[in-house]
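Colleague: I have just opened a structure that is new to me. Could you show me how to read it, feature by feature?

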Amino acid sequence: MTSLHQRLTSALNTLGRSADAVADTLLIGGWTGLREDGLNCPISNYVTAVMPDVEVAAVAFNRITVVSTNGETVETPLPTGAARFVTAFDTGSYDDLAVTLTRTDGEVIDDLER
(Lines give C-alpha, C1' and ligand atoms only; values in the text may rest on other atoms or scores of the structure.)
Protein backbone atom coordinates (compact mmCIF):
# COMPACT_ATOMS: atom_id res chain seq x y z
CA MET A 1 0.00 0.00 0.00
CA THR A 2 1.30 3.44 -0.87
CA SER A 3 1.69 6.07 1.81
CA LEU A 4 -0.47 9.15 2.14
CA HIS A 5 2.53 11.26 1.15
CA GLN A 6 3.12 9.22 -2.03
CA ARG A 7 -0.54 9.39 -3.04
CA LEU A 8 -0.66 13.14 -2.37
CA THR A 9 2.46 13.75 -4.43
CA SER A 10 1.04 11.68 -7.27
CA ALA A 11 -2.30 13.54 -7.18
CA LEU A 12 -0.53 16.90 -7.25
CA ASN A 13 1.77 15.91 -10.09
CA THR A 14 -1.26 14.78 -12.10
CA LEU A 15 -2.55 18.37 -12.14
CA GLY A 16 0.05 19.52 -14.66
CA ARG A 17 3.49 21.05 -15.02
CA SER A 18 2.49 24.68 -15.59
CA ALA A 19 -0.03 27.02 -13.99
CA ASP A 20 -2.14 26.91 -17.18
CA ALA A 21 -2.07 23.11 -17.28
CA VAL A 22 -3.15 22.98 -13.61
CA ALA A 23 -5.98 25.43 -14.35
CA ASP A 24 -7.11 23.34 -17.34
CA THR A 25 -7.18 20.15 -15.25
CA LEU A 26 -9.14 21.84 -12.47
CA LEU A 27 -11.60 23.38 -14.94
CA ILE A 28 -12.21 20.07 -16.72
CA GLY A 29 -12.82 18.38 -13.38
CA GLY A 30 -15.09 21.14 -12.10
CA TRP A 31 -12.92 21.96 -9.08
CA THR A 32 -13.49 25.61 -8.22
CA GLY A 33 -12.87 27.58 -5.05
CA LEU A 34 -12.28 30.82 -3.26
CA ARG A 35 -9.33 33.12 -3.81
CA GLU A 36 -6.93 33.48 -0.88
CA ASP A 37 -8.65 30.69 1.06
CA GLY A 38 -6.28 27.77 1.46
CA LEU A 39 -9.00 25.51 2.84
CA ASN A 40 -11.41 26.13 -0.04
CA CYS A 41 -9.27 26.83 -3.10
CA PRO A 42 -9.54 24.74 -6.26
CA ILE A 43 -6.47 22.63 -5.40
CA SER A 44 -7.75 21.95 -1.88
CA ASN A 45 -11.13 20.91 -3.28
CA TYR A 46 -9.42 18.73 -5.90
CA VAL A 47 -7.31 16.92 -3.30
CA THR A 48 -10.24 16.20 -1.00
CA ALA A 49 -12.27 14.93 -3.97
CA VAL A 50 -9.65 12.60 -5.43
CA MET A 51 -8.38 11.39 -2.06
CA PRO A 52 -11.49 10.32 -0.11
CA ASP A 53 -9.46 9.57 3.01
CA VAL A 54 -8.34 13.22 3.23
CA GLU A 55 -10.60 15.34 5.42
CA VAL A 56 -8.66 18.60 5.26
CA ALA A 57 -6.34 19.99 2.60
CA ALA A 58 -4.78 23.36 3.46
CA VAL A 59 -2.96 25.03 0.58
CA ALA A 60 -0.41 27.80 1.03
CA PHE A 61 1.40 29.54 -1.81
CA ASN A 62 4.03 26.80 -2.07
CA ARG A 63 2.96 24.03 0.35
CA ILE A 64 0.05 21.79 1.15
CA THR A 65 -0.87 20.14 4.42
CA VAL A 66 -3.43 17.35 4.52
CA VAL A 67 -5.09 15.55 7.39
CA SER A 68 -6.50 12.09 6.75
CA THR A 69 -9.60 10.52 8.27
CA ASN A 70 -7.35 8.53 10.61
CA GLY A 71 -5.60 11.70 11.83
CA GLU A 72 -2.38 11.36 9.85
CA THR A 73 -0.94 14.74 8.85
CA VAL A 74 1.34 15.20 5.84
CA GLU A 75 2.93 18.41 4.59
CA THR A 76 4.74 18.68 1.28
CA PRO A 77 5.85 21.36 -1.16
CA LEU A 78 3.55 22.02 -4.08
CA PRO A 79 4.98 21.10 -7.49
CA THR A 80 6.06 24.14 -9.51
CA GLY A 81 2.95 24.23 -11.72
CA ALA A 82 0.59 24.04 -8.76
CA ALA A 83 2.53 26.68 -6.81
CA ARG A 84 2.45 29.03 -9.77
CA PHE A 85 -1.27 28.39 -10.20
CA VAL A 86 -1.95 29.30 -6.56
CA THR A 87 -0.09 32.61 -6.91
CA ALA A 88 -1.84 33.44 -10.18
CA PHE A 89 -5.28 32.40 -8.92
CA ASP A 90 -4.99 34.36 -5.68
CA THR A 91 -3.95 37.49 -7.58
CA GLY A 92 -6.88 37.42 -9.98
CA SER A 93 -6.18 34.95 -12.79
CA TYR A 94 -8.38 32.03 -13.85
CA ASP A 95 -11.76 33.62 -13.21
CA ASP A 96 -13.56 30.47 -14.42
CA LEU A 97 -12.27 28.68 -11.31
CA ALA A 98 -13.19 31.41 -8.80
CA VAL A 99 -16.31 31.17 -6.69
CA THR A 100 -17.86 34.35 -5.33
CA LEU A 101 -19.80 34.09 -2.10
CA THR A 102 -22.99 36.12 -1.90
CA ARG A 103 -25.53 36.85 0.81
CA THR A 104 -29.17 35.90 0.32
CA ASP A 105 -29.84 39.39 -1.06
CA GLY A 106 -27.22 38.86 -3.78
CA GLU A 107 -24.58 41.15 -2.32
CA VAL A 108 -21.01 39.86 -2.51
CA ILE A 109 -19.53 38.75 0.79
CA ASP A 110 -16.15 40.38 1.29
CA ASP A 111 -13.19 39.08 3.29
CA LEU A 112 -14.27 40.93 6.43
CA GLU A 113 -17.61 39.12 6.46
CA ARG A 114 -16.15 35.62 6.09
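Predicted model: local features only at pLDDT ≥ 70, side-chain atom pairs only at ≥ 80, totals over all residues.

Colleague: Let me start with the strands. How many bridges join strand E1 to E2?

Modeller: Strands are paired through bridges, and here five of them join E1 (residues 54-59) to E2, with the two strands running antiparallel. As an example, Ala57 has Val66 in E2 as its bridge partner. Three residues lie between E1 and E2, and the two strands form a hairpin.

Colleague: And what joins E2 to E3?

Modeller: Again five bridges, and E2 and E3 run antiparallel. Val67 is paired with Thr73 in E3. This hairpin has four residues between its strands, and in it Gly71 adopts a positive phi near 90°.

Colleague: Which side chains of strand E2 point to one face, and which to the other?

Modeller: Follow the side chains along E2 (residues 63-68) and you will see them alternate.

Colleague: Now the helices. At what angle do H2 and H4 pack?

Modeller: For a helix pair, look at the angle and the distance between the axes. Helix H2 (residues 19-29) packs against helix H4 (residues 80-90) at about 80°, and their axes are 7 Å apart. Angles of 65 to 115 degrees count as roughly perpendicular, so H2 and H4 are described that way.

Colleague: Which residues meet there?

Modeller: From H2 come Ala19, Val22, Ala23 and Leu26, and from H4 come Gly81, Ala82, Arg84 and Phe85. Sorted by type, the residues of this contact are six nonpolar, one polar and one charged.

Colleague: Let me try single residues. Is Ser44 buried or exposed?

Modeller: Compare its relative accessible area with the cut-off: buried means under 20%. Ser44 has 2%, so Ser44 is buried. You will find Ser44 in helix H3 (residues 42-50). The Ser44 side chain reaches the backbone oxygen of Ala57 at 2.5 Å. Beyond its neighbours up to four places away in sequence, Ser44 touches Gly38, Leu39, Ala57 and Val59.

Colleague: What about Thr76: buried or exposed?

Modeller: Thr76 counts as buried, because its relative accessibility is 6%. Thr76 sits in strand E3 (residues 73-77), and its side chain makes a polar contact of 3.3 Å with the side chain of His5. Residues touched by Thr76 include His5, Leu8, Leu12 and Ile64.

Note on methods. Residues numbered from 1 in each chain as written. Heavy atoms only, no water. Buried < 20%, exposed > 50% of the residue type's maximum accessible area, 1.4 Å probe, protein only. Polar contact = N/O pair within 3.5 Å; in protein donor to acceptor, adjacent residues only side chain to side chain. Contact = heavy atoms within 4.5 Å. Axes fitted to C-alpha atoms, helices over the stretch in contact; angles between N-to-C directions. Parallel < 35°, antiparallel > 145°, perpendicular 65-115°, else oblique. Nonpolar A, V, L, I, M, F, W, Y, C, P; charged D, E, K, R; others polar. Pairing = 2+ DSSP bridges.
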